[in-house]
Amino acid sequence: MATRLTQTKIPEITVFFWITKITATTLGETGGDLLAQTMKVGYAVSTLILLGIMLGTLVGQLRLRRFSPALYWTVIATTSMAGTTISDYIDRTLQWGYYKGSVVLVALLVAALLFWKAKFGSLSISGVNRFSLELTFWTTVLIANTLGTALGDWLSDNTGLGFGRATLVITALLGFVALLHFRTSLNKVVLFWAGFVLIQPFGATAGDLWTKNPAIGGLGFPTYYASAVLTVVLIGFVLMSGSNTADGVPSAVDVDEVMVLDVA
């Protein structure tokens, strides 16, 4: 499997893209919890650290003129980690709670998408190839990832579903979005963003299911090990993404091996 290069600095939206994003966002949850909770750095300081790392990787991404799988997925992972600690800081340290935090973040995400639509005419990611549009894309991603963590925590904690059943609910929602994509004529851009936002609460609940204490419904796998395993898996996916792309031009085999999803 490979992530095929397009005219944009965003990878082709394939099944492999979604698998890699699930890995990156789950790493975001376990990585954020590792720093803030396991290492007891705290949500505020962890947020500052992770935002600094995220901005460092984002500057590198924005400076590039072409798609880099390694840098792109690093920014995805770091925005997910930062989004995790930002959400936890808002919901827990500021004591807004998951519901109020989610409402505010939904409003911010809608505002970001409306700004994108008004300024660039389309929410499609197929043309993300210039600085202003790419900066808007990554701002939206950070908000979406922060919202996703808040939604995942709300679903697993406030509804009483717990980590396991919440993960199953989000999996079913993702499956429904996929069904709508393949079986209906609904707007593909809208469905893309629905799936993109839902991946983060999936990563939040799945990461918590994997690492939280069994006494509260988790499996008790240490955040150190979970983050290490997910990092290795993500690196493997990134290497597979880049191995079939020579000088930024995909081979004919790449096109045949990957199911490309229409998001234009």
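I began with a term: a patch is made of residues with over 30% relative accessible area and no salt bridge, and nonpolar side chains are joined within 5 Å. I note that the model is predicted.

**Surface patch.** I looked up the nonpolar patch and found that Leu94, Trp96, Val104 and Leu108 make one of about 320 Å². I placed Leu94 in the loop between α3 (69-93) and α4 (97-120). Leu94 has a relative accessible area of 39%, so I recorded this residue as partly exposed.

**Helix α5.** I then turned to α5, which covers residues 131-158 and has 28 residues. From first C-alpha to last, α5 reaches 40 Å, close to the 40 Å expected. Is this helix enclosed or open? I found it largely enclosed by the rest of the structure, because 20 of its 28 residues are buried. Just after α5, I noted a positive phi of about 80 degrees at Gly160.

**Salt bridges.** I looked up the salt bridges and found 5 in the structure. In one of them, Arg92 meets Asp88 at 3.7 Å, N to O. These two residues stand 4 apart in helix α3, which means a separation of about one helical turn. Arg92 is partly exposed at 30% relative accessibility, whereas Asp88 is buried at 2%.

Arg92 also meets Asp153 in a salt bridge, at 3.6 Å. This pair links distant parts of the chain, with Asp153 in helix α5 and Arg92 in helix α3, 61 residues apart. I recorded Asp153 as buried, at 2% relative accessible area.

Lastly, I found a salt bridge between Asp208 and Lys212, with the closest N and O atoms 4.0 Å apart. Both residues are buried. Through shared partners, salt bridges join Asp33, Asp208 and Lys212 into one network.

Terms used. Residues are numbered from 1 along each chain as its sequence is written. This is a predicted model: local features need pLDDT of at least 70, side-chain atom pairs count only at pLDDT 80 or more; totals for chains, interfaces and linings use all residues. Side-chain values use heavy atoms; hydrogens and water are left out. The expected span of a helix is 1.5 Å times one less than its number of residues. Buried means under 20% relative accessible area, exposed over 50%, partly exposed in between (1.4 Å probe, protein chains only). Patches are made of residues with over 30% relative accessible area and no salt bridge: like charges are joined within 9 Å, nonpolar side chains (Val, Leu, Ile, Met, Phe, Trp, Tyr) within 5 Å. Accessible areas come from the Shrake-Rupley method with a 1.4 Å probe; for residues, only the protein chains shown count as cover. A salt bridge is a side-chain nitrogen of Lys or Arg within 4 Å of a carboxyl oxygen of Asp or Glu.
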